[in-house]
Amino acid sequence: MKRKPLVIVAVVVLIAAAAAWFFMPQENEPSTQSRIVLEHTHRTFIAPSCFEQSDPTNFLEESTLGHAQELNYPPHSECTEKAFESNNDSPAVRLLKELGLMEKTQTDW
């Protein structure tokens, strides 16, 4: 009989901890699989949302952010730098953004 209240308290504590974690801000970084454009002439990378304003050359390649990091290519412009900045969103906010209920601040990742 004494185990039942103990189990209930343990379950309530676990649910409260999970709920607190769900709403706690966490640092989020772009995935290494995020699409980018490598600008080999300038040895930089360009975010897809910044491509039109970047005035690229013809020596381009579609790739991933991870590959650009392996090549030590820096961002092509301030626009690309901002597109791949990390943010501090909670898992709840990330979920709402993925469901389209909140506007995404980073469209490239």
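1. In this predicted model, Asn72 counts as exposed because its relative accessibility is 67%, which lies over the 50% cut-off. Asn72 is found in the loop that runs between helix H2 (65–70) and helix H3 (78–83), and its phi is near 60°, a positive value in a residue other than glycine. As background, most residues other than glycine have a negative phi.

2. Arg43 also deserves a look, with a positive phi near 55° in a residue other than glycine. Arg43 sits in the loop between strand E2 (35–39) and strand E3 (44–46), and it counts as exposed because its relative accessibility is 56%.

3. Turning to helix H4, which spans residues 91–98, the buried residues there include Pro91, Ala92 and Lys97. Among the elements that cover the buried residues of H4 are helix H1 (3–23), strand E1 (26–28) and strand E5 (87–89). Just after H4, Gly100 takes a positive phi of about 85°.

4. The largest pocket has a volume of about 170 Å³, and E5 and H4 are the elements that give two or more residues to its lining. H4 provides the largest share of that lining, with three residues. The residues that line the largest pocket are Asn28, Asn87, Asp89, Arg94, Lys97, Glu98, Lys104, Thr105, Gln106 and Trp109.

5. By class, the lining of the largest pocket consists of five charged, four polar and one nonpolar residue.

Notes: Residues numbered from 1 in each chain as written. Predicted model: local features only at pLDDT ≥ 70, side-chain atom pairs only at ≥ 80, totals over all residues. Heavy atoms only, no water. Buried < 20%, exposed > 50% of the residue type's maximum accessible area, 1.4 Å probe, protein only. Helix = DSSP H or I, 4+ residues; strand = E, 2+ residues; numbered from the N terminus. Contact = heavy atoms within 4.5 Å. 1 Å grid on protein atoms, 1.4 Å probe; cavity = no way out; pocket = protein on both sides within 12 Å on 5 of 7 lines; lining within 4 Å. Points joined across faces, edges and corners; volume = space filled by probe spheres on them. Nonpolar A, V, L, I, M, F, W, Y, C, P; charged D, E, K, R; others polar.
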